[in-house]
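The sequence and structure are shown first, and the description follows.

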Amino acid sequence: MRRGLFLVFEGIDASGKSTQARRIAAMHNAHFAFEPGDSALGADLRHWLLDASLHMEPETEALLMLSDRSHHVRSVIEPNLERGRDVVLDRYFASTLAYQGYGRGVDLVDLRAATEIAIGSCLPDLTILLDIDLDVANERRARDAKDRFESADLDFHARVREGYLELADAYGDQWFIIDGSKSEQDVAAAIDDRVADLAWSHG
Ligand code: TYD
């Protein structure tokens, strides 16, 4: 049986990627999943990871993200891909490189090595980066209670954004950058255009 298609959406908070990831998954009858926290074990990890009142060292944060991911890959992502189901994922290993590496300063070489333990050979066919500048992100961001990442300072988010752009550059054709500050319809059209030719299992 042919392996499913694996598509990942990345971007800083409020980039609009979750809306687009869910839309594309529904449109192509793919399995939608997200990180962190899309499993019973992951839900507990997510609770600790997003709790803004809990102090956590960057390395601890990174290893918890990777624990969630290693479980998610083996229990959800790989089984779906292996049985020929396409998977659309809202955040994957690039989030850890961007947030914990570029954002928090965890060593990138170490993070890449640990990422390999977490994901093995389970690499996306395509990663779509919704890039927005920080002013647009700030305007969009809800004013209510903020989680650990949303409450981080502007410099942190600037480093995360720069990190994503560097990663996109390094990965070349395996990544596609979209200007996420455009209207939702324009962003959707650009994504639809890019993914139209991919080998989806269901149209
Ligand atoms: P979530 O509420 O899912 O936000 P979003 O809709 O922006 O994806 O919160 C996930 C937060 O966790 C988000 O701020 C990014 C952060 N994160 C990391 O720092 N490292 C990671 O590896 C992942 C997957 C997420």
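## Strand pairing and helix packing

Within this predicted model, Phe 9 stands opposite Ile 128, a residue of strand 4. Strand 4 covers residues 126–131 and is joined to strand 1 by 5 bridges, the two strands running parallel. Strand 1 also runs parallel to strand 3, residues 87–90, through 4 bridges. In that pairing, Leu 7 lies opposite Val 88 of strand 3. The two pairings of strand 1 are set out below.

Strand 1 itself spans residues 6–11 and is mostly covered, with 6 of its 6 residues buried. Phe 6, Val 8 and Glu 10 point one way from the strand, while Leu 7, Phe 9 and Gly 11 point the other way. The residues of both sets are buried, the charged Glu 10 among them.

A helix pair forms the second topic. Helix 3 (residues 58–82) packs with helix 4 (residues 93–103) at an angle of about 175 degrees, and their axes are 10 Å apart. Because this angle is over 145 degrees, helix 3 counts as roughly antiparallel to helix 4. On the helix 3 side, the contact consists of Pro 58, Glu 61, Ala 62, Met 65, Leu 66 and Arg 69; these meet Phe 93, Thr 96 and Gln 100 of helix 4. By class, the residues of this contact comprise 5 nonpolar, 2 polar and 2 charged.

Technical notes. Residues are numbered from 1 along each chain as its sequence is written. This is a predicted model: local features need pLDDT of at least 70, side-chain atom pairs count only at pLDDT 80 or more; totals for chains, interfaces and linings use all residues. Side-chain values use heavy atoms; hydrogens and water are left out. Buried means under 20% relative accessible area, exposed over 50%, partly exposed in between (1.4 Å probe, protein chains only). Two strands pair if DSSP finds at least two bridges between them. Axes are lines fitted to C-alpha atoms, for helices over the stretch in contact, and angles run from 0 to 180 degrees between N-to-C directions. Angles under 35 degrees count as roughly parallel, over 145 as roughly antiparallel, 65 to 115 as roughly perpendicular and the rest as oblique. Contact means heavy atoms within 4.5 Å.
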